Amino acid sequence: MFKRQKSLASERKRGLFSQRATRFILRDDMRNFHFLSKLVLSAGPLKPTPAVKHSKTTHFEIEILDAQTRKQICILDKVTQSSTIHDVKQKFHKACPKWYPSRVGLQLECGGPFLKDYITIQSIAASSIVTLYATDLGQQVSWTTVFLAEYTGPLLIYLLFYLRIPCIYDGKESARRLRHPVVHLACFCHCIHYIRYLLETLFVHKVSAGHTPLKNLIMSCAFYWGFTSWIAYYINHPLYTPPSFGNRQITVSAINFLICEAGNHFINVMLSHPNHTGNNACFPSPNYNPFTWMFFLVSCPNYTYEIGSWISFTVMTQTLPGGLTA
């Protein structure tokens, strides 16, 4: 009897303990479920996994024909849409080594304009096959070479006339007549003018990396060198007549010449570093430099200063060829 009561008491204790344990477990489960629900709600809606986009690169086939004979020269395949005419010329040169990129002109049709090197194939392609006509432009030279030859020639030619070498002037006449001071001043101003040109070509101007036919170099040199010879011959001649108004005319003109040279230089520096707003380049505007105030009157003051320099040089030396050069 006593054993039965003892077993019943132990069973009751076990029942009570199991009920309490069940309650604690339910409470923990409810807490965990409540915490998990908050976590899911705070995370927001589930975002779908972004689909992986496979970029499709379009390739073109470039057929190059001879512009004169209309015969096929070669076919360039696997040319991307972002390729430029410059890239096409490079590939064309690899396929046909005798066609140098600098002397090849590509056209969409015979007799049409030559395509610029920066034009992309995508902008001119009407289909996956593009036909271009190739023309041999002849011997080409870089623009830097053109400018250096244009300005180096006048600098040296004028000095040859200034020295009065016997093959140009009569030796006895040159020795008998002394040079007027304006002759020395004119040589100084002329040298400053073309030395400034050379330095700006090398360090200021952003010369295009393109090329130009050799005939353009010859024509430009003929103009600059010819006018320099014409000017220098009269100014350095033994029978040269000085300005009519004497030192006043020479001094005022020389000062004005130097002012115009300085103004020309400052304007060229400004034009080589334009202001940029976003993707667009803004035209330079006047600043604290007085030489830039010419922008209030004209859009390209460098030409105004250039004309002013030659007019001042003409008045200073009182020679007609200098005025015609301006």
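Colleague: Is Glu200 buried or exposed?
Modeller: Glu200 counts as buried, at 1% relative accessibility. Buried is under 20% relative accessible area, exposed over 50%, partly exposed in between (1.4 Å probe, protein chains only). One caution: this is a predicted model, where local features need pLDDT of at least 70 and side-chain atom pairs count only at pLDDT 80 or more, while totals for chains, interfaces and linings use all residues. Residues are numbered from 1 along each chain as its sequence is written, and side-chain values use heavy atoms, leaving out hydrogens and water.
Colleague: Thanks! Which residue forms a salt bridge with Glu200?
Modeller: Arg196, with the closest N and O atoms 3.1 Å apart. A salt bridge here is a side-chain nitrogen of Lys or Arg within 4 Å of a carboxyl oxygen of Asp or Glu.
Colleague: Why are Glu200 and Arg196 separated by about one helical turn?
Modeller: Because they are four residues apart in helix H6 (residues 181-203). Helices are DSSP runs (H or I, at least four residues), as are strands (E, at least two), numbered from the N terminus.
Colleague: And which residues are linked with Arg196 in a network of salt bridges?
Modeller: Glu200, Glu261 and Glu306. Glu261 meets Arg196 at 2.7 Å, N to O. That pair links distant parts of the chain, with Glu261 in helix H8 (residues 246-272) and Arg196 in helix H6, 65 residues apart.
Colleague: New topic: how many salt bridges are there by this rule?
Modeller: Seven. Asp136 and Arg103 form one at 2.9 Å, N to O.
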